Amino acid sequence: MIIDKTIEITRFAGNPIITPKDIKPSFPDWEVLGAFNAGVAQHGDETILLVRVAERPVQADPRKALVPVLNCDRVEGHADMPVMRTIELDRNDSELDFSDPRVIRDLEGNTLYLTSISHLRVARSRDGVSFEIDERPTVLPEGPMERWGIEDPRITDLNGKYYIAYSAVSDKGVAVGMMTTEDFVSFRREGMILAPTNKDVAFFPETIGGSYYMLHRPVPEGLGEPEMWIASSPDLKHWGGHRFLMGLRSKKWDDTRIGAGCVPIKTEDGWLILYHGADRDNRYCLGAALLDLQDPGRVIARMDEPFMTPEADYETSGFFQNVIFACGTVVNVGQAIMYYGAADDSIACVSFELEPLMSLLRRSEQRGAARS
Ligand code: MAN
């Protein structure tokens, strides 16, 4: 057990609970790079993880980079046509920057390609820690807006129907798509709900004053920062009432980008928001804030320090080191089990009591009130 600076977080002894080795590649001669950043839902007596699986063709020749993209020229009804297409790049090309394992950039820092393509795969469990994972992709990317993959799903249970917000990635940018399911077997695409560049969307689990709400994270270029916003909708498809919610904090752990992590958790004192923040070194930690129950665009309290930082070896090293990235929790009588992507590599889980976190938030609320 590692005691973080603020509250007691218990890392499951069997962590990580899902690793790339547990996933069967979708195509012959492909390899799984990561099984991480999973959406979380409780369905009947099962815990469901909608796992982001990142894959690529096996890189047999060290001089070449094989970049996978969705084959959008595929014709419906022609099962013989490949679902994916591979772009071949020369690793010695002096115009290309291969230094970030996640992306290939030009020398001006523009992203040209991702090094892998992600799809979503269902994993089911009755005990919350041992999972049976679909042998085949459950949801593959679809169409030109998902040419580079679908990532980081967050699942919200609204009256027995599950609404999933996810990043739809393509050469047009990162947009936000929505799909729904009632059984985690068949999924229905509901279209794009936010244009690029936006990501990290989490729907609130109930309506507030008759409207649906979501957290979202635009990524402004040139002017503005990647910070958290909130919006409302009459039907979950058409979004308006955009308000700035929470910003970066200079020289702190969340001074470079922040975004929703888990689906908001309703408590007596407000909506508990567990969010990710990264610093200049791309170290991703998890922080907590509290939003007003009736007016969720109002931040009541925000903790100064993260409640969890990357410390275990599977968090500090992996495909992209020093990352903990949570998309969901299961809460049961004041006890939270949080599932998170570790180092863009595997999935791990922790448990913690909500009350100590709430009491820290109440204290930071009092400090805030005393200052103002
Ligand atoms: C971004 C997203 C996440 C990823 C982190 C860390 O925020 O692409 O999917 O986990 O970066 O690489």
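Asn37 lies in strand 3; strands (E, at least two residues) are DSSP runs, numbered from the N terminus. The model is predicted, so local features need pLDDT of at least 70 and side-chain atom pairs count only at pLDDT 80 or more, while totals for chains, interfaces and linings use all residues. Residues are numbered from 1 along each chain as its sequence is written, and side-chain values use heavy atoms, with hydrogens and water left out.

**Around the ligand**

- Asn37 is one of the residues around the ligand. A residue is near a molecule if one of its heavy atoms lies within 4 Å of it.
- The shell divides into three nonpolar, one polar and five charged residues. Here Ala, Val, Leu, Ile, Met, Phe, Trp, Tyr, Cys and Pro count as nonpolar, Asp, Glu, Lys and Arg as charged, and the others, Gly among them, as polar.
- The ligand sits in the largest pocket. A pocket is an open set of points on a 1 Å grid over the protein atoms alone, where a 1.4 Å probe fits, with protein on both sides within 12 Å along at least five of seven lines. A molecule sits in a pocket if more than half of its atoms lie within 2 Å of its grid points.

**Polar contacts and cover**

- A polar contact is a pair of N or O atoms within 3.5 Å.
- The side chain of Arg52 has an N or O atom 2.8 Å from an oxygen atom of the ligand.
- For Arg102, a polar side-chain atom lies 2.6 Å from a ligand oxygen atom.
- Asp344 has a side-chain N or O atom 2.6 Å from an oxygen atom of the ligand.
- Taken alone, the ligand exposes 310 Å², and the protein buries 90% of that. Accessible areas come from the Shrake-Rupley method with a 1.4 Å probe.

**Backbone exceptions**

- Most residues other than glycine have a negative phi, and most peptide bonds are trans.
- Asn37 is not a glycine, yet its phi is positive, near 35 degrees. Asn37 is buried, with a relative accessible area of 2%. Buried means under 20% relative accessible area (1.4 Å probe, protein chains only).
- Asp344 also has a positive phi, of about 50 degrees, without being a glycine. Asp344 is in the loop between strand 26 (335-342) and strand 27 (346-353). Asp344 counts as buried, at 11% relative accessibility.
- The Asn15 to Pro16 peptide bond is cis, with omega near -10 degrees. Pro16 is in the loop between strand 2 (8-11) and strand 3 (30-43).
- From Pro196 to Thr197 the peptide bond is cis too, with omega near -15 degrees. Thr197 lies in the loop between strand 15 (187-194) and strand 16 (198-203).

Notes
Polar contact = N/O pair within 3.5 Å; in protein donor to acceptor, adjacent residues only side chain to side chain. 1 Å grid on protein atoms, 1.4 Å probe; cavity = no way out; pocket = protein on both sides within 12 Å on 5 of 7 lines; lining within 4 Å. Helix = DSSP H or I, 4+ residues; strand = E, 2+ residues; numbered from the N terminus. Buried < 20%, exposed > 50% of the residue type's maximum accessible area, 1.4 Å probe, protein only.
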